[in-house]
Amino acid sequence: MYYVDDVLKNSLADKADIKKGDVITHINDELVTDGLCYGFLMCQKTVELTVIDGQNQKKIRIRNNFEDIGIINNRPLVEDPKRCHNQCLFCFIDQLPDGLREPLYFKDDDSRLSFLTGNYVTLTNINDHEFDKIIKMRLSPINVSVHTTNDLLRIQMLKNKKAGQIKEKIKKLIENHITVNAQIVLVKNYNDKNELSKTIKDLYDLGANSLSVVPVGITKFREKLPLLEPFTKQDCRDIVQMITDFGKQFYKESGARFVYLADEFFVKGEIPLPSYSYYDDFPQIENGVGMLTSLIKEFKAALRTKAAVLNQGKKVVATSVAAYDTIKILVDLFNKKFSTAIEVIRIENHFFGKNITVAGLLTGQDIIAQSRLCVTANKTTLLLSRDILREAGDLTLDDMTVADIENQLNCKVVLVENNGKDFLKKLLSC
């Protein structure tokens, strides 16, 4: 259903006598399930709305010619997102400790959110009607967590008997002009080595748009969960070599590498990050793949255009283990050009454990504990990645605000966006 929270004056809806408080249940006799569905169904020259007005139901026909008819709805485009029905052996949410805020424990697996926000979905919890609706509504691109194209292995890893036939589902989406970006969460001794090679070949042959390979995140909270091994330095080097070889082959055949590795494999393997061209048009950047390389290029390009430091106050940059070397290189370039002495500190993840190395999973308490000795002078500014906060931009994973961090460290905190231009801007101006 689609709720009318207000109506614009003199709009088509107003002229059709649609009022605040009405509920639209159908458009052209098709059920309206949410705001996304409403928007799709309204993209017609003429619409017939089934409207509930109090206890009465009426039909209203509007010739809108694809225009907005002036209904205001303040609810999310997707209401009641679908929950994940899998019990993946590598699920990060299952590795969270007790006591965090409730939304962190929600596992979404909703194809609508994949289309709208880039979330990855497994396609295990939708029926044939819902699958066909993805195609009908042209929810493209869609991001799919594949992990493996081996049906039996996928059923085992996701612990869901409905996890098979992933190749058939992806094929049907692609044949119906839905762009598919795929993801593999790589788990040692499960879907790596030969299984990884087979999955990469299968997805390439199916015509997927791109594929990212990211390492499983292993926290220290895995009681009663299967024992998983982190990848070693040599493991990472072997994986990088495999993906590099595939990328060269695919580039010769299609002009794009198709498969891309998460930055963590290069960092842990102590291998230089790939060049900017390695990532083609960065089809998996929203999954964090190529983020560091992109940051370097953006920062260096912006640095060439700057001639003076705007603010000489004391600054400290705190960053994650995975990003530390890259951030240190960029800050060193800045210090050399502007004769400054900005310090970079590495924040280890004590909250989740040493195997978690990305900025987005740092907690306020780790930042405070490990920054305290460096942030001692008056008027010190601490630069942090905005990734430490949830999407709303207000809380860390352990429910701290930026003000909480500032108060405990007696400093100013400045949040940096995930791009090199903004990083340079904040170094200059804060």
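Colleague: What sits over the ring of Tyr 251?
Modeller: The charged end of Arg 257 does, 5.0 Å from the ring centre. A charge sits over a ring if NZ of Lys or CZ of Arg is within 6 Å of the ring centre and within 35 degrees of the ring normal.

Colleague: And which residue lies over the face of Tyr 276?
Modeller: That is Lys 297, at 5.0 Å from the ring centre.

Colleague: Before we go on, what should I know about the model and its numbering?
Modeller: The model is predicted, so local features need pLDDT of at least 70 and side-chain atom pairs count only at pLDDT 80 or more, while totals for chains, interfaces and linings use all residues. Residues are numbered from 1 along each chain as its sequence is written, and side-chain values use heavy atoms, leaving out hydrogens and water.

Colleague: Back to the rings: how many aromatic pairs are there in the whole structure?
Modeller: A search finds 17. Rings of Phe, Tyr and Trp (its six-membered ring) pair if their centres lie within 6.5 Å; planes under 30 degrees apart count as stacked, over 60 as edge-to-face and the rest as tilted. One of the pairs is Tyr 204 with Phe 250, stacked at 3.8 Å centre to centre with 15° between the planes.

Colleague: Which helices do Tyr 204 and Phe 250 belong to?
Modeller: Tyr 204 is in helix H7 (residues 193-206) and Phe 250 in helix H8 (residues 233-254), so the pair links distant parts of the chain, 46 residues apart. Helices (H or I, at least four residues) and strands (E, at least two) are DSSP runs, numbered from the N terminus.

Colleague: Why does Phe 250 count as buried?
Modeller: Because its relative accessibility is 1%, and buried means under 20% relative accessible area, exposed over 50%, partly exposed in between (1.4 Å probe, protein chains only). Tyr 204 is buried as well, at 18%.

Colleague: What kind of pair do Phe 266 and Tyr 278 form?
Modeller: They form an edge-to-face pair, 6.3 Å centre to centre, with 90° between the planes. This pair also links distant parts of the chain: Phe 266 is in helix H9 (residues 263-268), and Tyr 278, 12 residues apart from it, is in the loop between H9 and helix H10 (291-303). Both Phe 266 and Tyr 278 are buried.

Colleague: Which residues form the aromatic cluster?
Modeller: Tyr 260, Phe 266, Tyr 276, Tyr 278, Tyr 279 and Phe 282 form one cluster.

Colleague: Where is Phe 282, then?
Modeller: Phe 282 is placed in the loop between H9 and H10, and it is buried, with a relative accessible area of 11%. Not counting residues up to four places away in sequence, Phe 282 touches Tyr 276, Val 289, Gly 290 and Ser 294; contact means heavy atoms within 4.5 Å. Phe 282 and Ser 210 are 9.4 Å apart, C-alpha to C-alpha, and 72 residues apart in sequence.

Colleague: New topic: at what angle do helix H6 and H7 cross?
Modeller: The axes of H6 (residues 166-175) and H7 cross at roughly 25° and come within 10 Å. Axes are lines fitted to C-alpha atoms, for helices over the stretch in contact, and angles run from 0 to 180 degrees between N-to-C directions. That angle makes H6 roughly parallel to H7; the term covers angles under 35 degrees, with over 145 roughly antiparallel, 65 to 115 roughly perpendicular and the rest oblique.

Colleague: Which residues make the contact?
Modeller: From H6 they are Lys 167, Ile 170, Lys 171 and Ile 174, and from H7 they are Lys 198, Asp 202, Leu 203 and Leu 206. Asp 202 is buried, with a relative accessible area of 15%. Setting aside residues up to four places away in sequence, Asp 202 touches Thr 149 and Lys 167.

Colleague: And what about helix H4 and H6?
Modeller: H4 (residues 128-136) packs against H6 at about 30°, with the axes 10 Å apart. H4 is therefore roughly parallel to H6. The contact is made by Phe 131, Asp 132, Ile 134 and Ile 135 of H4 and by Lys 169, Lys 172 and Leu 173 of H6.

Colleague: Lastly, where does Ile 24 lie?
Modeller: Ile 24 lies in strand S3 (residues 23-27) and is buried, with a relative accessible area of 0%. Its contacts beyond four places in sequence include Met 1, Tyr 2, Val 32 and Ile 71. The C-alpha atoms of Ile 24 and Tyr 2 are separated by 5.0 Å, although these residues are 22 residues apart along the chain.
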